[in-house]
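Here are my notes on the model you sent over. Have the structure open while you read.

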Amino acid sequence: MSVTRRTLLTATASGTLLAALWFVPSANATVEAGARPAAQDAAPGAEDTAAGPQLAETGPGVDTTPYLIGGTALLGIGAGFVAYSVRRGGTRPVV
């Protein structure tokens, strides 16, 4: 495979990855116009000491196992690609 084609494939792959990551939603803390915080419903006399928007509560039962397994698998695949590239590349004479 020529160097030009390899560079083109690398640029295409990185551009595709960046385009895919563009659509990943972000977790910005925003306050909707008609929304009331849940703390006011639970304790009407309590004051909210935090100023500004707050992140949503996720609850006590969030299962992170799929994220850990997926992250570990992707990390292993990436490490495998790096090891394969280093092994395949070897040393090349300087031209």
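What share of the 95 residues in the protein chain is buried?

1. The share is 0% of the 95 residues, taking buried as under 20% relative accessible area. Keep in mind that this is a predicted model.

2. The fold is quick to list: the protein chain has 3 helices and 0 strands. Reading from the N terminus, the order is α-α-α.

3. Now for confidence. The mean pLDDT of the protein chain is 75, with 55% of its residues at 70 or more. Helix 2 (residues 38-42) has the lowest confidence, with a mean of 51, while helix 3 (residues 65-89) has the highest, at 90.

4. Helix 3 also passes a simple length check. It has 25 residues, and at 1.5 Å a residue they should span 36 Å; the C-alpha atoms at its ends are 36 Å apart, so the two agree.

5. Helix 1 covers residues 3-22, and Leu 21 sits in it. Leu 21 belongs to a nonpolar surface patch, together with Leu 17, Leu 18 and Val 24. Between them, these four residues expose about 410 Å² of accessible area.

Conventions: Residues numbered from 1 in each chain as written. Predicted model: local features only at pLDDT ≥ 70, side-chain atom pairs only at ≥ 80, totals over all residues. Heavy atoms only, no water. Patch = residues over 30% accessible without salt bridge, like charges linked within 9 Å, V, L, I, M, F, W, Y side chains within 5 Å. Areas by Shrake-Rupley, 256 points an atom, 1.4 Å probe, with all protein chains shown as cover. Salt bridge = Lys/Arg side-chain N within 4 Å of Asp/Glu carboxyl O. Helix = DSSP H or I, 4+ residues; strand = E, 2+ residues; numbered from the N terminus. pLDDT = per-residue confidence, 0-100. Expected span 1.5 Å × (residues − 1). Buried < 20%, exposed > 50% of the residue type's maximum accessible area, 1.4 Å probe, protein only.
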